[in-house]
Amino acid sequence: MSDSAGGSFLLPPLALYIHIPWCVRKCPYCDFNSHAAGPTLPEEEYVDALLADLDIDVQHAHGRPLSSIFFGGGTPSLFSDRALGRLLEGVERRIAFAPDIEITLEANPGTFEQAKFKGYRSLGINRLSIGVQSFQEAKLKALGRIHNGDEAIRAADMARAAGFDNFNLDLMHGLPQQSIEDALFDLRTAIAQAPTHLSWYQLTMEPNTVFWSQPPELPEDDLLWDIQEAGQALLAAEGYAQYEVSAYAQPGKQAQHNLNYWTFGDFLGIGAGAHAKLSTPAGRIQRTWKTRLPKDYLDPAKAFQAGERLLAADELPFEFLMNVLRLTEGAPAELFSQRTGLPLQQLEQARREAERLGLLQADETRLVATAKGQLFLNDLLQQFLA
């Protein structure tokens with residue numbers, strides 16, 4: 001999977017994902033590894049565990065600095081700035097930070113406190129991702145969210161006041177009883193808060209959620225399509241360029257951490273249930289995952305890592321393309337060999353067939369889905385299955 005395999009493997013950039021598994025209340029649509037918090041959080045104990053976890057994983061850095069860090073959850077903003085400060089200091093002692101590192105913290109509008117967010121900003125956290133989902137009371141109630149629309153607007157104001165000039169708002173569409181007008185109201189309200197980035201994605205029913213077992217009535221497919229088209233037109237008109245299936249950004253404000261995922265970069269994952277994708281200098285690529293339950297993760301008698309899987313050479317084309325073809329501009333064709341160690345010629349037959357079907361652009365220098373390919377991404381990826 002290195003040069004000897006006919007490619008030219010290069011170690012990709014390295015990011016770090018940190019999972020904070022607690023939230024105020026589990027939402028009925030959520031299939032993430034999140035758990036309702038008790039009256040107190042084991043902050044100190046969990047930070048100790050995270051750093052011990054990283055002590056084991058630091059061997060996978062291979063001298064690379066961290067290009068980005070993402071605190072996901074759960075609701076990471078439940079943790080104090082003191083706890084996150086100790087954690088970030090410990091991380092930087094183990095792995096250097098790139099000079100332009102992006103550090104993102106997920107936050108729930110219902111947990112915003114001005115002093116706490118000024119504290120976060122002083123730690124070097126330079127980007128927030130605020131989980132709004134909707135600004136409308138009925139929709140928020142249906143989603144089981146703990147905040148209201150006014151609190152979501154105040155959260156954006158507080159983020160700016162705390163010194164965050166780079167923040168994302170998470171919004172959902174295809175909500176129960178949602179009309180086009182409802183969806184566009186949410187988008188216009190979000191745009192009025194002047195975020196640098198918007199994640200706008202469709203609500204889906206996922207296994208092991210309340211919505212899966214008790215599904216609400218959702219808009220019909222034709223209405224979903226109309227909402228998608230109208231929303232994309234509004235976002236484009238307001239200067240938010242779509243660069244991934246559900247990601248829109250002002251110029252130069254794309255999420256660097258997510259771009260690393262989508263370009264098949266490496267990332268360490270620490271925390272309960274965290275996943276990682278790791279490469280060796282020789283081109284071996286593996287995925288790992290940590291033990292899922294917080295009580296097990298915090299148990300010194302149990303290992304942090306729950307499993308690992310080496311990716312076989314015949315899996316790599318699909319794994320690579322499953323990520324890069326989500327990007328509206330795709331990726332340079334040469335990145336395939338750099339990230340997988342496989343020769344680009346290996347894709348030749350599948351590329352030509354995907355081009356013939358109108359799913360892939362006929363561009364020798366890039367791997368880019370057509371508009372049709374973006375719409376039928378699973379059909380496009382099917383062409384590259386071994």
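Helices (H or I, at least four residues) and strands (E, at least two) are DSSP runs, numbered from the N terminus. The model is predicted: local features need pLDDT of at least 70, side-chain atom pairs count only at pLDDT 80 or more, and totals for chains, interfaces and linings use all residues. Residues are numbered from 1 along each chain as its sequence is written, and side-chain values use heavy atoms, with hydrogens and water left out.

**View A. Helix α5 and the glycine that follows.** Helix α5 covers residues 149–161 and reaches 19 Å from its first C-alpha to its last, close to the 18 Å expected at 1.5 Å a residue (1.5 Å times one less than the number of residues). Its buried residues include Gly 149, Ala 152, Ala 155, Ala 156, Met 158 and Ala 159 (buried, under 20% relative accessible area; exposed, over 50%; partly exposed, in between; 1.4 Å probe, protein chains only). Gly 163 follows α5 and has a positive phi, near 105 degrees.

**View B. A patch of negative charge.** Glu 220, Asp 221, Asp 222, Asp 226 and Glu 229 gather on the surface (patch residues have over 30% relative accessible area and no salt bridge; like charges are joined within 9 Å, nonpolar side chains within 5 Å). A salt bridge places a side-chain nitrogen of Lys or Arg within 4 Å of a carboxyl oxygen of Asp or Glu. Asp 222 belongs to helix α8 (residues 221–237) and is exposed, at 63% relative accessible area.

**View C. A nonpolar surface patch.** Trp 225, Leu 375 and Phe 376 make a patch of about 300 Å². Leu 375, in helix α14 (residues 371–375), is partly exposed, at 48%.

Notes
Areas by Shrake-Rupley, 256 points an atom, 1.4 Å probe, with all protein chains shown as cover. Lys, Arg positive; Asp, Glu negative; His and termini not counted. Charge placed at Lys NZ, Arg CZ, Asp CG, Glu CD.
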